[in-house]
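Student: I'm new to this structure. Could you walk me through a few of its features, one question at a time?

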Amino acid sequence: MSELAVNQAQPQSGLDGLVDDWTADKQTYHVPWGKAMMWIFLVSDTFIFTCFLTGYLNVRMTTTQPWPPQSEIFALSFGGAPIPLILIAIMTFVLISSSGTMAMAVNMGYRKDKMKTFWLMCATAAFGVTFVSMQAFEWSKLILDEGVRPWGNPFGAPQFGSVFFMITGFHGLHVSAGVIYLLIVAFKVKRGDYDKKGFEIVEIAGLYWHFVDLVWVFIFAFFYLL
Amino acid sequence: MAYVPLADQEQELHHPHSWVTKYVWSQDHKVIAVQYGGTAIAVGVVALVLSLLMRLQLGFPETFDLIDPSSYYQSVTMHGMIMVVYLLTALFLGGFGNYLIPLMCGARDMVFPFLNMLSYWVYLLSVLILMASFFVGEGPTGAGWTLYPPQTNMAGTPGHDSGIVLMLLSLAVFIVAFTMGGLNYVVTVLQNRCRGLTMMRLPLSVWGIFVATCLGLFAFPALLVSAIMMLFDTLLGTSFFMPAVIESGTPLDHNGGSPILFQHLFWFFGHPEVYIVALPAFGLVSDVLSTHARKNIFGYRMMVWAIIAIGGLSFIVWAHHMYVSGMHPYFGFFFATTTLIIAVPTALKVYNWVLTLWEGDIRLNAPMYFAIGFIFTFIHGGLTGLFLGNVVIDLPLSDTYFVVAHFHMVMGVSPVLVLFAALYHWYPKITGRMFHEGMAKVHFWCTFLGTYAIYLPMHYLGFLGVPRRYYALGSTDFIPQSAHDLNTTITIAALFVGASQLLFFINIFWSLRNGKKADPNPWGSASLEWQTPDTPPVHGNWGPELPTVYRWAYDYSVPGAHQDFIPQNTPESVEPTVDEQHFDPDHDVSKADL
């Protein structure tokens with residue numbers, strides 16, 4: 001940065017100093033390219049999910065039929081007593097646990113413990129697969145047993161099914177893509193592809209995974225609880 | 001281990017070995033730029049021909065039977081969508097963004113060359129899907145480029161069977177392509193600049209493209225979501241956007257959806273989209289003006305902040321496209337206010353362009369013609385925007401030819417003039433040949449005067465209340481004979497302008513082979529892309545060592561310098577420094593020192 005100092009006789013204070021720091025030489029953020037890209041992609045993806053959720057809230061207001069009672073629809077019976085939202089609660093628990101194993105994997109990556117990183121990423125992927133399988137179970141139950149379709153359902157507003165399949169489907173695709181991504185990175189870690197380059201890639205994959213989890217929390221709150 | 005920025009590490013460049021990897025499956029940003037540009041211009045010609053077909057119908061109703069009412073609407077739709085998304089967005093960001101960002105940032109390539117290559121091929125796929133809609137079912141959709149439901153899905157709309165599906169699919173694919181390219185552009189600008197190149201030393205072209213790409217990354221999601229929802233409505237029979245509708249006496253199988261939701265989502269994308277097209281144009285034209293006026297750009301810092309402010313504000317003005325949708329007056333008040341506020345930074349830019357020309361040593365080269373022409377058309381289109389931004393004036397003018405004239409001046413003609421300015425300006429660097437100067441100037445006058453002949457009368461037609469998107473006006477009391485005659489005149493002008501674009505194509509293709517060999521820096525430009533060791537730049541751009549930047553991109557006519565420009569990579573030991581890092585907008589340093 002010495003070349004720069006020649007032109008900047010005095011370090012600036014206040015707003016100008018802030019701008020100078022942010023627009024400094026060569027790179028704005030001291031992070032690898034991949035990480036910067038992942039962050040920006042996630043902001044973009046946030047806009048997608050925000051639009052989905054806004055659209056959902058909007059059609060829920062405009063629809064002329066009553067909104068179906070979610071807690072009853074998403075209830076499972078154990079020993080004859082229906083427990084509302086039990087499946088979703090377990091799914092949420094699974095997904096949030098996967099964020100924990102992912103964070104541990106990132107830690108192990110930076111410690112260059114390849115085997116632990118590999119297994120923790122596999123555990124994360126396994127949690128992801130569990131989540132998607134439970135979602136598949138939920139979908140098949142709704143479609144086959146309850147007769148919910150994207151274009152209509154026996155409980156009330158047809159938008160209920162449309163929104164449900166669209167948003168959880170889009171999120172499920174994200175989780176599935178994440179599982180594949182995690183497994184690819186995990187195997188490359190094990191093979192030693194990143195021994196020289198460093199293990200930032202684990203954290204980058206982790207960013208995506210945590211994002212997918214965070215989105216689920218919003219979907220859970222807005223769609224299942226509201 | 002000390003942290004080494006990636007840009008300093010040895011980069012693995014994939015050096016192409018065969019013709020195919022060099023020109024087809026290329027990961028070189030310059031080849032990708034040309035691929036993007038060529039595809040965009042080719043599909044733009046399709047849209048131009050469609051507009052001429054519409055003009056023939058409007059100017060000479062019942063004379064030609066080239067198009068019927070259905071194909072008229074299909075032409076309107078495809079013309080609009082192609083021009084806005086597949087030509088302008090793709091050419092500014094995919095074309096110029098790809099070509100200029102690495103060169104102006106002193107980088108060897110984009111940060112993710114493979115993703116960049118993928119971006120082009122996915123873009124090409126989206127174009128092919130769109131073009132396929134001409135050949136299936138009833139042809140492309142005729143719902144207008146805004147694709148408003150419920151009309152899009154009704155049997156009376158041409159292409160409601162397969163055209164609309166292909167259109168939405170193509171848009172979704174385009175957004176995927178744009179995201180792959182856009183992430184590249186943003187990260188390259190942020191993280192891959194050469195030594196000494198702070199962001200406040202970047203040419204305004206890069207700033208314009210950078211902020212426009214950010215807008216794209218945050219605005220296209222809304223379009224993607226609305227495309228997905230509408231696909232569901234069309235294919236699965238859901239009712240996101242479809243209310244209860246009765247079509248020819250039969251109720252459709254939809255209810256409870258919100259057409260207004262679509263309008264909000266669409267314009268939440270659609271208004272930033274205007275600036276996705278305009279901001280790169282602002283940036284490119286600033287560089288062309290400054291170079292050919294041999295003067296630093298007036299108020300560089302202000303220009304940067306104006307670009308950022310416009311970018312930010314563009315997200316909170318979208319509903320001014322929807323005044324007639326029946327919104328709450330306070331809502332309209334809010335959006336009218338933000339719309340007028342956005343005029344402030346925009347006007348600031350215009351003043352700065354004019355002040356850049358003021359007392360400059362203006363070289364009237366062909367790119368400069370187009371750049372100055374842009375200032376005229378942009379002021380013109382911008383002023384009519386003030387009319388339409390106000391709710392009470394917009395209501396009577398909505399859906400008339402006044403609107404058509406406004407948006408064609410401000411985001412049709414203006415960006416296209418900048419595109420021509422930029423294409424001519426960077427042509428010597430891209431191809432290594434000079435274009436034919438005389439032919440380019442004739443091209444300018446035909447285009448500039450011709451477009452005025454087209455769009456100026458349209459304002460008048462709009463005031464008369466002539467509605468847009470009508471296949472034929474017929475005989476109506478409020479439309480006098482003079483308006484019909486004017487329509488004929490406009491058509492003749494449009495045909496003239498359309499034909500004169502041949503000059504451009506003849507020029508660039510003829511010059512490829514027969515043009516004079518270009519100097520490395522024919523315009524005497526200070527910015528980095530003209531300082532490459534080879535012209536056109538080879539793979540890797542910079543030879544063995546990356547350049548180092550010591551100053552901003554606008555050191556023109558610096559007192560005491562050896563030439564009337566100082567390239568960005570000239571050290572202070574060789575030339576004096578008038579770096580405007582902390583340029584005081586009230587005090588034009590370069591002039592005061594003269």
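Student: Where is B:P150 placed in chain B?
Tutor: Keep in mind that this is a predicted model. A cis peptide bond, with omega about 0 degrees, joins B:P149 and B:P150. As for its place, B:P150 sits in the loop between α4 (113–132) and α5 of chain B.

Student: Is B:L147 buried or exposed?
Tutor: B:L147 is also found in the loop between α4 and α5 of chain B, and its phi is near 55 degrees, a positive value in a residue other than glycine. A residue needs 20 or more other C-beta atoms within 10 Å to be buried. B:L147 has 24 C-beta neighbours inside 10 Å, so it counts as buried.

Student: Which element gives the most to the side of chain B that touches chain A?
Tutor: The contact takes 45 residues from chain B and 41 residues from chain A. On the chain B side, the elements giving two or more residues are α5 (163–191), α6 (204–235) and α7 (259–292). With 9 residues, the one that gives the most is α6(B).

Technical notes
Residues numbered from 1 in each chain as written. Chains lettered and ligands numbered in written order. Predicted model: local features only at pLDDT ≥ 70, side-chain atom pairs only at ≥ 80, totals over all residues. Contact = placed C-beta atoms within 7 Å. Helix = DSSP H or I, 4+ residues; strand = E, 2+ residues; numbered from the N terminus. Buried ≥ 20, exposed ≤ 12 C-beta atoms within 10 Å, placed from the backbone.
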